[in-house]
Amino acid sequence: MTISEIQTLLNAEIICGEDKISQTVDRAFASDLMSDVLTLKSNQIMLITGLCNIQTIRTMEMADLNTVIFVRGKKATEDMIDIAQENDMIVLQSEYSMFRTCGILWEAGIKPVF
């Protein structure tokens, strides 16, 4: 599924990475615990989280992830956006809950990590 399709399904806003809307994603991981994110073994995973702070972007950097959806209406700060852009990341924001986001993506064919 492309970032553009995900954006449409979740009525999301792309905060950075607009030039990558044709990139595809097939797996997602939902968590607000960044220690769980660090256990992931693959970098081809989209992170879904409501934890919207600089540590989330730094954790993504350490885990070699490049796509995140902030749920529950959370908004990335300018510092977060700057670091995400420096690391060539895609950042989306959605008003939907984490549960609703995961359900929509599951129904659309996104697979879980575990």
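The model is predicted, so local features need pLDDT of at least 70 and side-chain atom pairs count only at pLDDT 80 or more, while totals for chains, interfaces and linings use all residues. Residues are numbered from 1 along each chain as its sequence is written, and side-chain values use heavy atoms, with hydrogens and water left out. Helices (H or I, at least four residues) and strands (E, at least two) are DSSP runs, numbered from the N terminus.

**The sheet**

- Strands of a sheet pair through backbone hydrogen bonds, in either a parallel or an antiparallel way.
- Here six strands form an open sheet of mixed pairing, in the order E1-E5-E4-E3-E2-E6, where two strands count as paired if DSSP finds at least two bridges between them.
- Strand E1 (13-16) and strand E6 (111-112) are the edge strands, each of them pairing on one side only.
- Strand E2 (residues 27-30) pairs with E6 in the parallel sense over two bridges; Arg 27 has Lys 111 of E6 as its bridge partner, and Ala 28 has Pro 112 of E6.
- E2 also runs parallel to E3, to which three bridges join it, and Phe 29 stands opposite Leu 47 in E3.

**Helices H3 and H4**

- Two packed helices are described by the angle between their axes and the distance between the axes.
- The axes of helix H3 (residues 54-63) and helix H4 (residues 78-86) come within 9 Å and cross at roughly 10°; axes are lines fitted to C-alpha atoms, for helices over the stretch in contact, and angles run from 0 to 180 degrees between N-to-C directions.
- H3 and H4 are therefore roughly parallel to each other, a term used for angles under 35 degrees.
- Ile 54, Ile 57 and Arg 58 of H3 make the contact with Asp 79, Met 80, Ile 83 and Ala 84 of H4, where contact means heavy atoms within 4.5 Å.
- H3 lies across strand E3 (46-49) and strand E4 (67-70), and runs at about 155° to E4.
- H4, in turn, lies across E1, E4 and strand E5 (90-93), and runs at about 75° to E1.

**Salt bridges**

- The structure holds five salt bridges, each being a side-chain nitrogen of Lys or Arg within 4 Å of a carboxyl oxygen of Asp or Glu.
- One of them joins Asp 88 to Lys 20, with the closest N and O atoms 2.7 Å apart.
- Because Asp 88 lies in the loop between H4 and E5 and Lys 20 in the loop between E1 and E2, the pair ties together parts that are 68 residues apart in sequence.

**Ile 104**

- Ile 104 has its place in helix H5 (residues 98-107).
- Leaving aside its neighbours within four places in sequence, Ile 104 is in contact with Leu 9, Leu 10 and Tyr 96.
- The C-alpha atoms of Ile 104 and Ile 48 are separated by 12 Å, and these residues are 56 residues apart along the chain.

Definitions and conventions:
Parallel < 35°, antiparallel > 145°, perpendicular 65-115°, else oblique.
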